[in-house]
Amino acid sequence: PVLLELRNPKGQLVHSETRKRSRNGFYCFKLDTEQDCLTGNWNAVIKVGGATFEKVLKVETIMPNRLKIALDFGTDETGLAGDLITGRLSSTWLHGAVAGGLKADVKLKLFSRKTVFAGYEGYSFDDPARVYEPESHDIFEGTLDEKGTAEIKARISARNVSPGALTANFSTRVFEPGGAYSVDQFNLPYHPYDRYIGISVPRSDRNMNRLLTDTTHTVRIAALTPEGRPVKEGRVEIELYKINWRWWWQRGEESLATYLG
């Protein structure tokens, strides 16, 4: 038999259940809590013979938003560009009243995304040699005015070098006088560069992503703005490297070969 004991954060035994039969080797225990139960770390204890196993269960109260939050940067789906952005934060109570004089903050998280432009689906605009580490910025902390609004001006230039475009995630909190807060999140594309260079390499071999030798290939280059418009002027430098690589072994230091299988 398998014994289950469920205890609340005060260590009080709330539920006890014993099962003597399993299904395909699994013992299933279905647990629930009352709506007015204590929140915090509950403890589930499983006893099998002389062995004891414990698992901490998080029981929390989820509070719905009581405030409506809007963060407007005056941009379209092409996203943000440049290192300086300006926006407007506004908030109202769900019943329509102005949420004036409330404290608020806005946090920004940047993480990598694939750089794509409409009409250039066959081009690659990302640098495969770079790996971007996500980063966070605090871009606003203050109090809404009597109309429930605040102006936001922040520099969000990425500290890490990006292989291409980024996704900017904005997390906004507006605090009620009692300390509870409502949260709103949304994403926008963010362009850390004022232009992108894309390359389209043909695939001469249908079965492999490779170019065959002893033939001529046409490689296309595109230079675009963050809005996806062609750049009329500019100079592009292209270098071609020959790399020796074997899928099953490689030569390391002191001319030693290492098997990769």
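## Ground rules

Residues are numbered from 1 along each chain as its sequence is written. Because the model is predicted, local features need pLDDT of at least 70 and side-chain atom pairs need 80 or more, while totals for chains, interfaces and linings use all residues.

Let's start with the strands (DSSP runs of E, at least two residues, numbered from the N terminus). Three of them make an open, antiparallel sheet in the order β5-β7-β10. At the edges sit β5 (67-72) and β10 (149-155), each pairing on one side only. Pairing here takes at least two DSSP bridges between two strands.

Strand β7 (residues 84-93) and β10 run antiparallel and share seven bridges. In one of the bridges to β10, L84 is partnered by R155.

## The largest pocket

The largest pocket holds about 1200 Å³ of space, a volume filled by probe spheres set on grid points joined across faces, edges and corners. A pocket is an open set of points on a 1 Å grid over the protein atoms alone, where a 1.4 Å probe fits, with protein on both sides within 12 Å along at least five of seven lines; lining residues have an atom within 4 Å of a point.

Its lining has 29 residues, with P128, I199, V201, V219 and E239 nearest the centre. Strand β13 (residues 196-200) contributes the most, with four residues.

Technical notes: Side-chain values use heavy atoms; hydrogens and water are left out.
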